[in-house]
Amino acid sequence: MKYPNFDEEKKLWKRGMECVAGLDEAGRGPLAGPVTAAAVIFLAQGGPATGWGKINDSKLLSEKRREELYEILTNHFGIKWGVGVVSEKIIDKINILQATKLAMQKALRQAQGKLKREADFLLIDGNFSINSKIFQKSIIKGDQKVVSISAASIIAKVTRDRIMQKY
């Protein structure tokens with residue numbers, strides 16, 4: 001099995017962009033519940049040198065492995081992250097794509113708040129961009145190719161699963 005890597009992030013770090021955010025969502029397909037998104041920023045000096053194992057698209061991991069990685073990712077010193085949640089009522093008003101973009105913007109704002117600065121570049125899973133003045137690149141199946149997007153996939157999925165369990 002091929003795993004996501006840091007190639008995209010490393011290219012950007014070499015260009016002086018220290019804060020590269022990966023974004024992904026969970027909940028676009030289901031008929032019930034909110035859409036959640038996560039933004040994950042691996043700090044160039046603390047990201048790749050970690051030893052927390054094989055990360056991948058959340059859909060390719062067991063629930064147990066997602067939960068383990070969620071705990072590691074959300075507590076790691078070299079990672080800043082944020083989550084955005086948009087309710088089913090808003091989804092019905094603005095449509096799922098616009099709700100996904102809104103959730104990603106919320107997640108990004110939260111991650112940047114923890115970072116105390118704006119991200120330098122966005123790597124987004126999919127084939128769309130979000131409303132932001134920050135340079136961005138959309139990557140189809142990015143959650144299977146790019147570590148920061150895979151990490152966002154895991155955080156978004158675990159967050160949404162926990163919300164749905166409460167329902």
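Reply: For the count of charges, Lys and Arg are taken as positive and Asp and Glu as negative, while His and the chain ends are left out. The place of a charge is NZ of Lys, CZ of Arg, CG of Asp or CD of Glu. On this basis the chain has 28 positive and 18 negative charges, and their mean positions are 2 Å apart.

The model is a predicted one, in which local features need pLDDT of at least 70 and side-chain atom pairs count only at pLDDT 80 or more, whereas totals for chains, interfaces and linings use all residues. Residues are numbered from 1 along each chain as its sequence is written, and side-chain values use heavy atoms, with hydrogens and water left out.

Along the sequence they follow the pattern α-β-β-α-β-α-α-β-β-α. The radius of gyration, taken over C-alpha atoms, is compared with a globule rule of 2.2 Å times the number of residues to the power 0.38. For 167 residues, a compact globule would have a value near 15 Å, and the chain agrees with its 15 Å. Its C-alpha atoms fill a box of roughly 40 × 35 × 30 Å along the principal axes.

A residue is called buried under 20% relative accessible area, exposed over 50%, and partly exposed in between, with a 1.4 Å probe and protein chains only. By this rule, 53% of the 167 residues are buried. Contact means heavy atoms within 4.5 Å. Of the contacts with a separation of 6 or more, 69% join residues 24 or more positions apart.

Now to helix α4 itself. It comprises residues 96–115, 20 residues in number, and reaches 28 Å from its first C-alpha to its last, close to the 28 Å expected at 1.5 Å a residue. The expected span is 1.5 Å times one less than the number of residues. Among the buried residues of α4 are Ala99, Ala103, Met104, Ala107, Leu108 and Leu115; Lys101 and Gln105 are also buried. The buried residues of this helix pack against the strands β1 (19–26), β2 (35–43), β3 (79–86) and β4 (121–125), and against helix α3 (88–94).

Which residues does Met104 touch beyond its neighbours within four places in sequence? Met104, placed in α4, counts as buried because its relative accessibility is 0%. Its contacts, those neighbours aside, are Leu23, Asp24, Glu25, Ala37, Ile124, Asp125, Phe128 and Ile130. By comparison, Lys11 is 93 residues from Met104 in sequence and 23 Å away in space, C-alpha to C-alpha.

Asp125, one of the contacts of Met104, is also in contact with Gly142. Gly142 lies in the loop between β5 (136–139) and α5 (147–166) and is buried, with a relative accessible area of 0%. Ile149 and Ser150 are also in contact with Gly142. In the loop that holds Gly142, Lys141 is also found; Lys141 has a positive phi of about 60° although it is not a glycine.

Finally, Asn95 is found in the loop between α3 and α4. Asn95 has a positive phi of about 90°, although it is not a glycine, and it counts as partly exposed because its relative accessibility is 40%.

Note on methods. Helix = DSSP H or I, 4+ residues; strand = E, 2+ residues; numbered from the N terminus.
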